[in-house]
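Visitor: I have a structure open and would like to learn how to read it. Please take me through a few features.

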Amino acid sequence: LVSLVSTDTLTNKTLTTPVITEIDSGSTITLDATTDIVLDADGGDIFFKDGGTTFGSATNNSGELLIKSGTTTAMTFSGANVTLEGNLTVSGTTTTVNSTTVNLNDHNIVLDSGNSTSAVVNGAGITLEGGSGDDASFTYNTTGPTFELKLGSSHEDLQVDKLTANGGVVVDNITIDGTEIDLSSGDLTVD
């Protein structure tokens with residue numbers, strides 16, 4: 001039997017709903033259950049500590065799970081939805097987002113931010129997947145250098161309301177209202 005005032009070692013004993021305020025161990029504590037392990041704080045928080053210092057906690061906030069780093073809320077889980085309060089760093093080689101709509105609140109998207117060269121990497125750009133057809137891409141080609149708009153491997157048309165060029169325009173041919181202008185002489189006169 002175990003005394004209420006002394007310290008005893010229990011080996012292979014079953015404790016039914018014991019009230020334990022603290023477990024101290026100089027080595028690893030293993031919880032091994034054949035079913036679930038339930039942590040029920042009964043309205044309180046579940047704290048994670050190292051050497052007595054809190055480095056995180058789990059909180060029930062009206063049915064939402066709040067994960068805190070230190071004392072700052074880092075993540076809120078509400079059903080299948082997750083809200084991150086700080087910065088998110090993904091260090092893998094592929095990030096897959098299976099969403100129908102992606103909303104970004106930023107005014108600038110940086111691609112190829114890990115580029116360690118002194119120039120834009122050849123082929124950097126955006127690709128729109130074409131399903132079973134050709135992909136559409138807007139990429140940078142270091143030969144020239146030029147930006148290229150392609151459907152598959154062929155250059156694609158670009159329709160704009162107005163084109164303003166500073167420094168000149170280089171064209172292979174010009175079509176105005178369905179009529180191709182002959183540029184074989186190398187000259188173009190516009191009256």
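Predicted model: local features only at pLDDT ≥ 70, side-chain atom pairs only at ≥ 80, totals over all residues.

Guide: Residues are numbered from 1 along each chain as its sequence is written, and side-chain values use heavy atoms, with hydrogens and water left out.

Visitor: What is the order of the strands in the open sheet?

Guide: Strands of a sheet pair through backbone hydrogen bonds, either parallel or antiparallel. Strands are DSSP runs of E, at least two residues, numbered from the N terminus, and two of them pair if DSSP finds at least two bridges between them. Here the order is β1-β2-β3-β4-β5, with antiparallel pairing. β1 and β5 (81-84) are the edges, each pairing on one side only. β4 (residues 72-78) pairs with β5 over 4 bridges, and M75 has L84 in β5 as its bridge partner.

Visitor: How many salt bridges does a search of the whole structure find?

Guide: A salt bridge is a side-chain nitrogen of Lys or Arg within 4 Å of a carboxyl oxygen of Asp or Glu. The search finds 1. It joins the side chains of K150 and E148, at 3.5 Å from N to O.

Visitor: Is E148 buried or exposed?

Guide: Buried means under 20% relative accessible area, exposed over 50%, and partly exposed in between (1.4 Å probe, protein chains only). E148 has 12%, so E148 is buried.

Visitor: Why does I23 count as exposed?

Guide: I23 counts as exposed because its relative accessibility is 58%. I23 lies in the segment before β1 (46-50).
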